[in-house]
Amino acid sequence: MTTIHAKGISRRGWLRWAAILAAAAGLPGRVWAAMARPEAAFGATALDEAMAALGDTPQVHEGIQFTTPDIAENGAVVPVRVEVDSEALPNVSKVSVLVEMNPNPLAASFDIPPGTEVFIETRVKVAQTCTLYAVAEADGQLYMQSRETKVTLGGCGG
Amino acid sequence: MAGRIKIRAQKKGVVTEVKALMRHPMETGMRKDQAGEPIPAHFITQVSVLHGEQPVMQGHWGAAVSANPFLGVRFAGGEPGDTVRVVWTDNQGGTGEGETTIR
């Protein structure tokens with residue numbers, strides 16, 4: 001009798017845990033279901049490796065406007081802006097920002113659904129003076145624009 | 001750990017401009033503390049901007065995004081009074097969320 005009772009409790013407890021876990025997993029899952037993180041590209045430790053993981057070698061495209069400071073006093077906080085002229089380069093679905101000399105060159109990648117302006121502003125760490133790349137994916141093709149930023153103080157200090 | 005987000009959404013002509021400032025250490029995992037012990041990596045891996053329930057931008061971040069990250073995006077549509085949310089998840093399972101209405 002007692003064993004049955006104990007079994008009932010443990011099963012109920014297990015079900016409750018399962019429900020909590022399912023709720024916790026389901027909440028972000030709903031938002032993130034459509035997107036897959038480009039793990040290989042984030043794990044790459046060299047620029048060409050990261051570019052290869054994103055896709056083909058990108059072509060330079062004037063429709064991408066990539067704004068970074070010429071000189072960054074603090075490499076830990078370098079503002080970058082990627083803007084794409086939708087008439088010059090339509091159907092951009094993804095924008096990535098790469099920093100050539102960082103331990104992992106890919107800093108950030110953004111999925112852009114139709115209807116959203118291709119306009120991304122953020123701040124990244126830049127380990128040392130090097131070239132920054134903005135890569136845009138449109139209709140399966142990769143396009144890029146690059147800018148050199150001089151860093152007078154390292155970005156590795158966080 | 002749930003982080004708060006400072007967020008502002010403003011209608012500018014046909015587009016809505018969203019600016020968000022998150023509080024997060026964004027540790028790369030490559031730094032060491034004063035005792036020489038490595039500081040574990042702790043950074044936002046996913047960030048999403050939603051207009052109502054509709055995602056307008058979904059981002060994947062690496063540790064190279066600056067501490068206390070700033071994010072600015074623009075999307076077409078959106079009316080004053082609409083809800084805009086920014087949600088993030090980090091590599092240690094932490095989440096953060098901020099909500100505002102379009103001005």
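Which residue in β4(B) is the bridge partner of Ser109(A)? In the predicted model described here, that partner is His60(B). Local features in this predicted model need pLDDT of at least 70 and side-chain atom pairs count only at pLDDT 80 or more, while totals for chains, interfaces and linings use all residues. Residues are numbered from 1 along each chain as its sequence is written, and chains are lettered from A and ligands numbered from 1 in the order in which they are written.

Chain A contains 3 helices and 9 strands. Helices (H or I, at least four residues) and strands (E, at least two) are DSSP runs, numbered from the N terminus. The order of elements along the sequence of chain A is α-α-α-β-β-β-β-β-β-β-β-β. Of its 158 residues, 35% are buried; a residue is buried if 20 or more other C-beta atoms, placed from the backbone, lie within 10 Å of its own. Among contacts in chain A with a separation of 6 or more, 65% are between residues 24 or more positions apart. Two residues are in contact if their C-beta atoms, placed from the backbone, lie within 7 Å.

Chain B has 0 helices and 7 strands, and its elements run β-β-β-β-β-β-β from the N terminus. Its C-alpha atoms fill a box of roughly 50 × 20 × 20 Å along the principal axes. In this chain of 103 residues, 39% count as buried. Of the contacts in chain B between residues at least 6 apart in sequence, 57% join residues at least 24 apart.

The contact between the chains takes 33 residues from chain A and 32 residues from chain B. On the side of chain B that touches chain A, the elements giving two or more residues are β3 (44-51), β4 (54-61), β5 (70-76) and β6 (83-90). This side has 16 nonpolar, 13 polar and 3 charged residues. Here Ala, Val, Leu, Ile, Met, Phe, Trp, Tyr, Cys and Pro count as nonpolar, Asp, Glu, Lys and Arg as charged, and the others, Gly among them, as polar. Strand β6 (residues 106-111) of chain A runs antiparallel to β4(B), joined by 4 bridges; two strands pair if DSSP finds at least two bridges between them.

The largest nonpolar core has 59 residues, and Val124(A) and Ala136(A) have the most contacts inside it. Strand β8 (residues 130-138) of chain A gives the largest share of this core, 6 residues. Such a core is a set of buried Ala, Val, Leu, Ile, Met, Phe, Trp, Tyr and Cys residues joined through C-beta atoms within 7 Å. Not counting residues up to four places away in sequence, the residues that Val124(A) touches include Val78(A), Val97(A), Ala64(B) and Val65(B).

Note on methods
Buried ≥ 20, exposed ≤ 12 C-beta atoms within 10 Å, placed from the backbone.
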